Amino acid sequence: MKIGIVMGSVSDWGVMKGAVEILDSFGVEHEVKVLSAHRTPHQLEEWVKDLRQRGFAAVIAGAGGAAHLAGVVAAFTTLPVIGVPVKGNAFEGLDSLLSMVQMPSGIPVAVVAVNGAKNAALLAIEFMAITDENLKNKMDSFRAVQAEKVLSSKLD
Ligand code: RP5
């Protein structure tokens, strides 16, 4: 199965490439698109509507400002959608976060932290690992390495 990554603008790439790096490190296939809920709504719908039939497990959607992208993606698919609020030039990204998180009841989006693209990818992998033993083992190793780094950290 694959993960879809979509962002509203190339200006989001500096944040969103963090998700690609995580997926690559776990060997998870992905497709990356720049599509906007506002600037290219028809092309966004076209891309989203057959993702399930094309073998995708979830979609990660990153956008800033009036960040409606993840919500619009969720409107067009019943795949899990993970939103990444991207910090723009205003309000420290709080505008993006609030635009994503306050979805109407019935159309959920799982929203990570502002600029939290890496956690979005880890969450997507955890969804896949429910039924994929290989990914579950890789996630266990990832957690073990992370814990070891904390436990072996030294203070000056
Ligand atoms: C959003 O507007 C994009 O996701 C981006 O975060 C923000 C600014 O876009 P640009 O004006 O840089 O293209 O739709």
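# Briefing on a predicted protein chain

In helix α5, the buried residues are Ala117, Ala120, Ala121, Leu122, Ala124, Ile125, Met128 and Ala129. The model described here is a predicted one, and in it these buried residues of α5 pack against β1 (2-7), α1 (13-26), β3 (56-64), β4 (81-86) and α6 (133-151).

**Helix α5**

- Helix α5 covers residues 117-129, which makes 13 residues, and from its first C-alpha to its last it reaches 18 Å, close to the 18 Å expected at 1.5 Å a residue.
- Among the partners against which the buried residues of α5 pack are the strands β1, β3 and β4, and the helices α1 and α6 are also partners of these buried residues.

**Fold and overall shape**

- The protein chain contains 6 helices and 5 strands, and their order along the sequence gives the pattern β-α-β-α-β-α-β-α-β-α-α.
- Because a compact globule of 156 residues would have a radius of gyration near 15 Å, the 16 Å found for the protein chain agrees with that expectation.
- Taken along the principal axes, the box filled by the C-alpha atoms of the protein chain is roughly 50 × 40 × 30 Å.

**Burial, contacts and surface**

- Of the 156 residues in the protein chain, 40% count as buried.
- When contacts with a separation of 6 or more are considered, 67% of those in the protein chain are accounted for by residues 24 or more positions apart.

**The loop between β4 and α4**

- Phe91 is located in the loop between β4 and α4 (94-101), and although Phe91 is not a glycine, its phi is positive, at about 60°.
- Phe91 counts as exposed because its relative accessibility is 65%, where exposed means over 50%.
- Glu92 likewise has its place in the loop between β4 and α4, and Glu92, which is not a glycine, has a positive phi of about 60°.
- With a relative accessibility of 59%, Glu92 therefore counts as exposed.

Conventions. Residues are numbered from 1 along each chain as its sequence is written. This is a predicted model: local features need pLDDT of at least 70, side-chain atom pairs count only at pLDDT 80 or more; totals for chains, interfaces and linings use all residues. Side-chain values use heavy atoms; hydrogens and water are left out. Helices (H or I, at least four residues) and strands (E, at least two) are DSSP runs, numbered from the N terminus. The radius of gyration is taken over C-alpha atoms; the globule rule is 2.2 Å times the number of residues to the power 0.38. Buried means under 20% relative accessible area, exposed over 50%, partly exposed in between (1.4 Å probe, protein chains only). Contact means heavy atoms within 4.5 Å. The expected span of a helix is 1.5 Å times one less than its number of residues.
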